[in-house]
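Q: I would like to learn how to read a few features of a protein model. Could we go through them one at a time?

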Amino acid sequence: MTGDAANAIEARGLTKRYPSGVLAVEGLDLTIRQSEVYGFLGPNGAGKTTTMRMLAGLVKPTSGSAIVAAGRPGSPESLARLGAMIEAPAFWPYLSGRDNLRLLARYCRVPDSRVTPVLKEVELAERADRAVGTYSTGMKQRLGVAAALLKAPDLLILDEPTSGLDPQGMAEFRDLIRQLGQGHRTVLISSHLLGEVEQICTRVGVISKGRLVAEGTIDEIRGGAELTVRAQPADRARQLLEEAVGADRVGLLADGAMSVRVDLGRSGELGQLLVMNGVVVTELRAAGRSLESVFMELTGTEAGE
């Protein structure tokens, strides 16, 4: 497989079946462009972490291929340009944050001079000389990101980085991710929290039961708008709408109105269609589909499960 230089990650047919027989990821095609913050969204157990471990070279896929940061996963070329925090970061609790990073820097053959800049980048410099055992969950997560930044990577992979944080910690971490995604750096972040992804990501991929079920911008994933239509005669209105947008996009609401899933720009066109065919329209109201409703449709689960 030859990767496109404009893409940070390209995966084709990526599959992982464990010896136990569990199929964690199946036939995954994934394209992540340079310099974007990409949200990898899915319920717990959907295959997010397994996918990230394969991309980072920590797990060998059963089949399929990938190019990650211009190299095969786990190759020296890829690892030189990749920083990752997958699952909970682990550090020596009796050492300070700074000393933990110094040890990691030497292991990665990175000069000690990188330690202070990455501590500043994650806003941990003032607390870097305290023992990690005294750190809060949020501080440990920040230190994990600092460790991933030691090599000044072009690509940063973060697996559920806000897991275990309180609301304030989550908000602070969202600001950090926005900062990390500026400039040339690409960020791949996994989450099952819709609000988190919606606020910080430029594009999103939704995975369910090991398969990618949707990919695009937040607006593209939402799939347009939901129109609430109230008209008489109702049967004639429904027939016209189903012919215009497809029967699967028209539904009846509990109060007798109709719900129509359609691109927002077509609302005027549909209203005119009804009026031109003798239908009296008493309500035509548009509302954007929520990411949560789309998530439930795609995965069959509620957000946060």
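A: Keep in mind that this is a predicted model, in which local features need pLDDT of at least 70 and side-chain atom pairs count only at pLDDT 80 or more, while totals for chains, interfaces and linings use all residues. Residues are numbered from 1 along each chain as its sequence is written, and side-chain values use heavy atoms, with hydrogens and water left out.

Q: In which helix is Leu 240 found?

A: Helices are DSSP runs of H or I with at least four residues, numbered from the N terminus, and Leu 240 lies in helix H9, which covers residues 234-245.

Q: Is Leu 240 buried or exposed?

A: Buried means under 20% relative accessible area, exposed over 50%, and partly exposed in between, with a 1.4 Å probe and protein chains only; Leu 240 has a relative accessible area of 5%, so Leu 240 is buried.

Q: Which residues is Leu 240 in contact with, leaving aside its neighbours within four places in sequence?

A: Contact means heavy atoms within 4.5 Å, and on that basis Leu 240 touches Leu 273, Leu 274, Asn 277 and Val 279.

Q: How are two packed helices described?

A: One gives the angle between their axes and the distance between the axes, where axes are lines fitted to C-alpha atoms, for helices over the stretch in contact, and angles run from 0 to 180 degrees between N-to-C directions. Here helix H3 (residues 97-107) and helix H5 (residues 137-149) pack at an angle of about 30°, with their axes 10 Å apart. Angles under 35 degrees count as roughly parallel, over 145 as roughly antiparallel, 65 to 115 as roughly perpendicular and the rest as oblique, so H3 is roughly parallel to H5.

Q: Which residues of H3 and H5 meet?

A: Gly 97, Leu 101 and Leu 104 in H3 meet Leu 143, Ala 146 and Ala 147 in H5.

Note on methods. Helices (H or I, at least four residues) and strands (E, at least two) are DSSP runs, numbered from the N terminus.
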